[in-house]
Amino acid sequence: MKSIFGSDTKFARFMNKVGDIILLSILWIVCCVPIITIGASTTAAYYAAAKVIRHSTGYEWNEFFKCFRLNFKSTIGMNLVFIICAAFLIFNFIVMGGADDELFFYLKMVYLVIAVLIIGVYAYAYPVLSRFSLKSGKIMIMSMQLFFRHFPTTMAIVGMFALTLFGMYMMPWAFFILPGVFMFIVTFLMERVLLKYMPKPEEGSDEAERWYFQPTRTAKTKTNSDYNRVRYRYKHKRTKQK
């Protein structure tokens, strides 16, 4: 029994991850309440999930709020666009909800495609913001490029997002765990993408020791070919938050 419940056992590490995921969900929900802060909260949640939960670096509470404060102003304009688009789509889906007309069916399909585009682009925008020093316009352009360039990954993330929403709709108590689970799983897909757009650090340099360049179970090594495939290079953030 002692070996099972010890502080350094697989069971203990698993329970710590579960606790971190629940805490991340709560932090994200609380910081999304003003609505205008959804972007900053989502950026911070992704950052904490990638750095703390996945890479076991730093403390979740500290990393979340460092990233939240750092990116708060940068997300305001992006948030407004997202909120307006989301409100427009939700309103139209509600209005056309019970309509059986063929025209309304095709309109629903058009709005569904637009919804997938918006969700996919913003699914990249907030992780990109957490990693790169770019203005809002360039973040959206880069996110649009990533949407199409990594389309299978995009569809996987959008699908998980839909399942997460459905799960929270069917089980309201899941609000306290599913957002964190979603963020954690997304890091396994998103980090592979983001690393392709980061300048290769010099071996043995301080930059090479940063947490996002460290090996993980899903990416044990990074070869030169991983970096040679990059078409665009962006200056990633080099702040105390990292």
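Reply: Quick ground rule before we start: a helix here is a DSSP run of H or I with at least four residues, and the numbering of helices goes from the N terminus. Bear in mind too that this is a predicted model.

By that rule, Lys 66 sits in helix α4, which covers residues 60–95. Its relative accessibility is 36%, so Lys 66 counts as partly exposed. Tyr 47 is 19 residues away from Lys 66 along the chain, and their C-alpha atoms are 9.8 Å apart.

Now to the packing. Two packed helices are described by the angle between their axes and the distance between the axes. For α2 (residues 10–32) and α8 (residues 178–195), that comes to an angle of about 110° and axes 7 Å apart. Angles of 65 to 115 degrees count as roughly perpendicular, so α2 and α8 are roughly perpendicular to each other. On the α2 side, the contact uses Ile 21, Leu 24, Ser 25 and Trp 28. Facing them from α8 are Leu 178, Pro 179, Gly 180, Val 181, Met 183 and Phe 184. Sorted by class, that contact has 8 nonpolar residues, 2 polar ones and no charged ones.

As for its length, α7 runs over residues 151–170, 20 residues in total, and spans 28 Å from first C-alpha to last, close to the 28 Å expected at 1.5 Å a residue.

Key. Residues numbered from 1 in each chain as written. Predicted model: local features only at pLDDT ≥ 70, side-chain atom pairs only at ≥ 80, totals over all residues. Heavy atoms only, no water. Axes fitted to C-alpha atoms, helices over the stretch in contact; angles between N-to-C directions. Helix = DSSP H or I, 4+ residues; strand = E, 2+ residues; numbered from the N terminus. Parallel < 35°, antiparallel > 145°, perpendicular 65-115°, else oblique. Contact = heavy atoms within 4.5 Å. Nonpolar A, V, L, I, M, F, W, Y, C, P; charged D, E, K, R; others polar. Expected span 1.5 Å × (residues − 1). Buried < 20%, exposed > 50% of the residue type's maximum accessible area, 1.4 Å probe, protein only.
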